Amino acid sequence: MPELPEVETVRRTLEHKILGHKIQKTNVLYPRLLQNVDETELADALKGRYFTKLARKGKYLITHLDSDAKLVIHLRMTGQLTATQGLETPLEKHTSLQIHFEDELELRLVDQRKFATLHLVYNSEFVGIKGLAQMGVEPLDESFTPQYLKEQLEGRRAAVKSVLLDQRRIGGLGNIYADESLFRSGIFPGKPAGSLTINEIQKLHTAIENVISEAIRHRGTSFRDYVDGDGQQGSFQARLQVYGKEGDVCQVCGQIIARMKIAGRSSYYCADCQG
C-alpha cells in the first residue's frame with residue numbers, strides 16, 4: 001500500500017504536469033471508485049475546470065479545482081495515478097478513471113485490486129471521510145515532536161508497532177516505514193507502547209523523521225504496484241534493512257531477520273539489534 005512517501009512522490013511528480021490544464025471530460029470505468037458522488041455529478045464538477053493545487057494529508061491526495069471543489073483520492077493497495085499523453089499510451093486493463101484535458105493529456109487511475117476511492121468535497125469539508133477527518137499529526141509536521149509521540153504511546157499496553165500504525169495517532173506512517181523506524185531505534189516491535197523510556201521515544205522520533213525524509217528523497221518504495229506520477233518506480237527498496245527480509249542476514253549484526261504478526265500485519269525485525 002502506498003504510504004506517505006509514495007503519495008508525496010506522486011503529488012510532486014503530477015504537480016508540474018496537470019496544474020492549469022483545462023479539463024475536457026471524465027470517463028469512469030469503475031463506478032465503485034466513487035464514494036459520495038455519481039458519474040454525472042463528477043463530470044459536471046470537473047468539465048471546464050482546472051486543478052490549481054495538489055496537496056496531501058497522510059496517505060490521501062487532495063486535488064484542488066478552480067472552484068470550491070476538491071477531489072480526495074486514496075490509492076489503497078494497488079492504485080496508480082499517472083499523467084500521460086492519451087493518444088500515445090494504450091489504456092491499461094485495470095483503469096478505473098480517466099480525466100481528459102484539452103491538450104490530449106490524461107490523468108489515469110489504474111487499480112488492479114479495485115480498492116482505491118475518490119470523494120468529491122466542497123470547501124474544507126472532510127467530515128464524511130472518516131480516515132481524513134480523524135487523522136493524527138504527520139511525521140514531518142512541526143507538531144510531530146518527541147512530546148507528541150510520547151503522548152500517543154504512554155499508557156498503551158498494545159505493541160508499539162500497532163500504535164504506530166494507528167492513523168488517528170500518526171498520519172501516513174505505514175507498515176514499511178514503521179518497521180524500518182523501529183529497527184533504526186533498536187526497539188522490538190512487540191514491546192508495549194507505554195513501556196518505552198524517554199530515551200527510546202527520542203530515538204524512535206528521530207528514526208521516524210529520518211526514514212520518512214529519506215524515502216521521499218528516494219521517491220518511495222516499489223515492490224510490485226507502486227509507481228509515481230510519471231509511471232516510474234521508486235528506489236528506497238534498495239535501502240530497506242528489515243522490511244520484507246525474513247531469513248536474510250542483518251546488515252548491522254549478522255543475525256537472521258525474523259518476522260512476526262502484530263495487529264494482523266507482518267512485522268520484520270532483528271532479535272539481536274531490537275532485543
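**View A. Glu92 is partly exposed, with a relative accessible area of 33%.** In this predicted model, local features need pLDDT of at least 70 and side-chain atom pairs count only at pLDDT 80 or more, whereas totals for chains, interfaces and linings use all residues. Residues are numbered from 1 along each chain as its sequence is written, and side-chain values use heavy atoms, with hydrogens and water left out. Accessibility is classed as buried under 20% relative accessible area, exposed over 50% and partly exposed in between, with a 1.4 Å probe and protein chains only. The partner of Glu92 is Arg108, and the closest N and O atoms of this salt bridge are 3.3 Å apart; the term salt bridge denotes a side-chain nitrogen of Lys or Arg within 4 Å of a carboxyl oxygen of Asp or Glu. Arg108 belongs to strand β7 (residues 105-111) and Glu92 to the loop between β5 (79-85) and β6 (95-101), so the pair ties together parts that are 16 residues apart in sequence.

**View B. A salt bridge joins the side chains of Lys17 and Asp230, at 2.8 Å from N to O.** This pair links distant parts of the chain, 213 residues apart, with Lys17 in helix α1 (residues 4-18) and Asp230 in the loop between α7 (198-217) and β9 (258-262). Helices (H or I, at least four residues) and strands (E, at least two) are DSSP runs, numbered from the N terminus. Both ends of the pair are partly exposed, Lys17 with a relative accessible area of 26% and Asp230 with one of 30%. In general, side chains of opposite charge can pair when their charged atoms come close.

**View C. Asp66 and Arg49 meet through their side chains in a salt bridge of 3.7 Å, N to O.** Here too distant parts of the chain are linked, 17 residues apart: Asp66 sits in the loop between β3 (60-65) and β4 (69-74), and Arg49 in the loop between α2 (39-46) and β2 (51-57). Asp66 counts as partly exposed at 25% relative accessibility, and Arg49 also counts as partly exposed, at 33%.

**View D. Asp38, Glu39, Glu41 and Asp44 form a negative surface patch.** Patches are made of residues with over 30% relative accessible area and no salt bridge, where like charges are joined within 9 Å and nonpolar side chains (Val, Leu, Ile, Met, Phe, Trp, Tyr) within 5 Å. Asp44, one of the patch residues, is found in helix α2 and counts as exposed at 57% relative accessibility.

**View E. The protein chain as a whole contains seven helices and ten strands.** Its radius of gyration is 20 Å, close to the 19 Å that the globule rule gives for 275 residues, so the protein chain is as compact as a globular protein of that length; the radius is taken over C-alpha atoms, and the rule is 2.2 Å times the number of residues to the power 0.38. The C-alpha trace spans about 60 × 35 × 30 Å along its principal axes. Of the 275 residues in the protein chain, 51% are buried, and the structure holds 18 salt bridges.

Definitions and conventions
Accessible areas come from the Shrake-Rupley method with a 1.4 Å probe; for residues, only the protein chains shown count as cover. Lys and Arg count as positive and Asp and Glu as negative; His and the chain ends are not counted. The place of a charge is taken as NZ of Lys, CZ of Arg, CG of Asp or CD of Glu.
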